[in-house]
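Have the viewer open as you read.

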Amino acid sequence: MKRKPYKRISLGVMILTLAAVLCGCGGGAGSSTVDTSSKETAEPAASASADHEFTFGLDSAIASVDPHVDTDAATRSVLFNVFEGLVKVTPEGDVAPAVAQDYKMSDDAKTYTFTLRDGITFQDGKAVKASDVKYSLERSAKINGDSSALSVISDISCPDDKTVVITLKSADSEFIYNLTTEILEEANDKDQGSKPIGTGPFKVAEYKEGEYIDFERYEGYWNKDLDCIDKAQIKFYDKADTAFTELKAGSIDAMWQMTPDQVKSLGDGYNVVESTMKLVQGLFINNTYEPFKKVQVRQALNYAIDRDAVDKLLLGGGSKKINTYGYPSVPEWYNADTEGTYKYDVDKAKQLLADGGYPDGFDLEITVPNNYNLHVQAAEIMKEELAQIGVKVTINPVDWSTWLSDVYQGRKFQATVIGFDFTSLAPSTWYVHYQSKSDNNMVNFSDADYDKTYDEAKTETDKDKKKELYNKCQQILTDQAASVFIEDPVNYIVLRKGYTGFASYPIYVIDLSSIKAE
């Protein structure tokens, strides 16, 4: 599970990550380097990671080395280096061939046929066969149940060792995005949780639960053009401050989720990259709570909360403000026309409250996980802002397990501060969370036009028409004020000078294969 400030709730499966200081990805197109050369601080000590060419400090431990059983954000981000799917996510926000070298989709978007890559092997040297793919997809679907994006599969056949044919229960032109599901070796079935064997660029050399995981480059990796470090370690910490101290002491070479104050305190011995977390952070409201049954009241909250102030006070002002449920960093599926819909306007908020039947305001309980400081702090800021329009906020801090059971699963809440990340690039897996009958519709949003548009978008095979339909979905969420969507938070990634190449992805990933030693 993600760490103390920001925990993420992954779409599709209940994955955590809600941020406090930042969580996400860095580098890549659209990123910028932060100049820290004028800061008066001691130079970093020489790297203490002598046995590891590169050491990354992560402020949470992975749950296990089985990518199907444990799908929390930290585990996914780390095991990205070990396992691959038929396709894999690219920094540009698309998918590229991985275990498969190509595929074909039928005209009705119900059958996908894959040809496996020539000569591809698992990290024990054994050839990857079509039966391994069938085993892996069926295993993941069974483990994750109805919440799995693979639950739409009706049949998987293997005409030969290099061909996999996947048939779906209904048309889904986005299904390719869900086939990043990790391919495991069937012969290793009993040892998947203790002996990780994937097809990725790095194999696990050693794993000490709760402490670290060591990687070595897999020399048999299919991409022979890969030029990166040979050995790496990801070291786990309970607190970000501890990792930061070790970064300055030279015990680790890189970390992310830095606060602006931490960045300012660094000297010129570091490369600092600014990006975003690829996270939808906001005040999510229960649309069945009596005041929120009126759209005017929901809109009033959107006008009453100053997104710029929340960002500046908590994250230094570098975040991307949003007014809908989407990633600005994935423009293909983001409706930029929604931006600026709700500008901070207390008078307008008061008028909308009155129009909605609450001229004197109402009581509102905001439930937040008590071990995520940034969410608590954000709720406190919102409490002061909402007080200006007569909404009397009580903050209800609960532990994380209570939040999961009562808020996310039980929907027993009025409002909550949380962040959502997207584990799949298939937009249908994002927007199903607002479909009326969806099990994942935590906020109990219901709109007939939205449901109709979503259903059309999911099955549409023309990409331009699909984009128009998903843009309409986002516009509905904005106009109907389904929640208060605030920002895609800023993220700072720091690498000791001598290392470059940290790649930014539209999902939560630490890609060691992008790291180069200067």
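Helices (H or I, at least four residues) and strands (E, at least two) are DSSP runs, numbered from the N terminus. With that in hand, N444 sits in the loop between α10 (427-431) and α11. We'll come back to that residue below.

First, the ground rules. This is a predicted model, where local features need pLDDT of at least 70, side-chain atom pairs count only at pLDDT 80 or more, and totals for chains, interfaces and linings use all residues. Residues are numbered from 1 along each chain as its sequence is written, and side-chain values use heavy atoms, with hydrogens and water left out.

**The chain overall**

The chain has 12 helices and 24 strands. Of its 518 residues, 59% are buried, where buried means under 20% relative accessible area, exposed over 50%, and partly exposed in between (1.4 Å probe, protein chains only). The accessible surface comes to about 19,600 Å², computed by the Shrake-Rupley method with a 1.4 Å probe. Carbon and sulfur atoms own 46% of that surface. As for contacts (heavy atoms within 4.5 Å), take those in the chain with a separation of 6 or more: 73% of them are between residues 24 or more positions apart.

Two packed helices are described by the angle between their axes and the distance between the axes. Axes here are lines fitted to C-alpha atoms, for helices over the stretch in contact, and angles run from 0 to 180 degrees between N-to-C directions.

| Helix pair | Axis distance | Angle |
|---|---|---|
| α11 (residues 448-459) and α12 (residues 463-479) | within 9 Å | roughly 155° |
| α5 (residues 295-304) and α7 (residues 346-355) | within 8 Å | roughly 165° |
| α6 (residues 307-315) and α8 (residues 373-387) | 10 Å | about 140° |

To put words to those angles: under 35 degrees counts as roughly parallel, over 145 as roughly antiparallel, 65 to 115 as roughly perpendicular and the rest as oblique. Handedness works like this: a crossing is left-handed if the near helix is turned anticlockwise from the far one by less than a right angle, and right-handed if clockwise.

Start with α11 and α12, whose axes cross at roughly 155°. That makes α11 roughly antiparallel to α12, and α11 passes α12 in a left-handed crossing. On the α11 side the contact uses D449, Y450, T453, Y454, E456, A457 and K458, and these meet K466, L469, Y470, K472, C473, I476 and L477 in α12. By type, the residues of this contact split into 8 nonpolar, 1 polar and 5 charged. For the bookkeeping, Ala, Val, Leu, Ile, Met, Phe, Trp, Tyr, Cys and Pro count as nonpolar, Asp, Glu, Lys and Arg as charged, and the others, Gly among them, as polar.

Next come α5 and α7, with an angle of roughly 165°, so α5 is roughly antiparallel to α7. Their crossing is left-handed too. Q296, V297, Q299, A300, Y303 and A304 of α5 make the contact with K348, A349, L352, L353 and D355 of α7. The residues there divide into 7 nonpolar, 2 polar and 2 charged.

Finally, α6 and α8 pack at about 140°, which makes α6 oblique to α8. The crossing of α6 and α8 is right-handed. In α6, A309, V310, L313, L314 and L315 meet L374, Q377, A378, I381 and E385 of α8, a set with 8 nonpolar, 1 polar and 1 charged.

Y470 lies in helix α12 and counts as buried because its relative accessibility is 0%. Leaving aside neighbours within four places in sequence, Y470 is in contact with E174, W333, P427, S428, Y431, Y454, A457 and K458. The C-alpha atoms of Y470 and E456, 14 residues apart along the chain, are separated by 9.2 Å.

E185 lies in the loop between β10 (163-168) and β11 (202-208). At 4% relative accessibility, E185 is buried. Not counting residues up to four places away in sequence, E185 touches F122, D124, K126, D132, Y135, Q192 and I197.

Back to N444: its phi is near 55°, a positive value in a residue other than glycine. N444 is buried, with a relative accessible area of 19%. Q257 also has a positive phi, near 60°, and lies in the loop between β14 (254-255) and α4 (260-264). With 0% relative accessibility, Q257 counts as buried.
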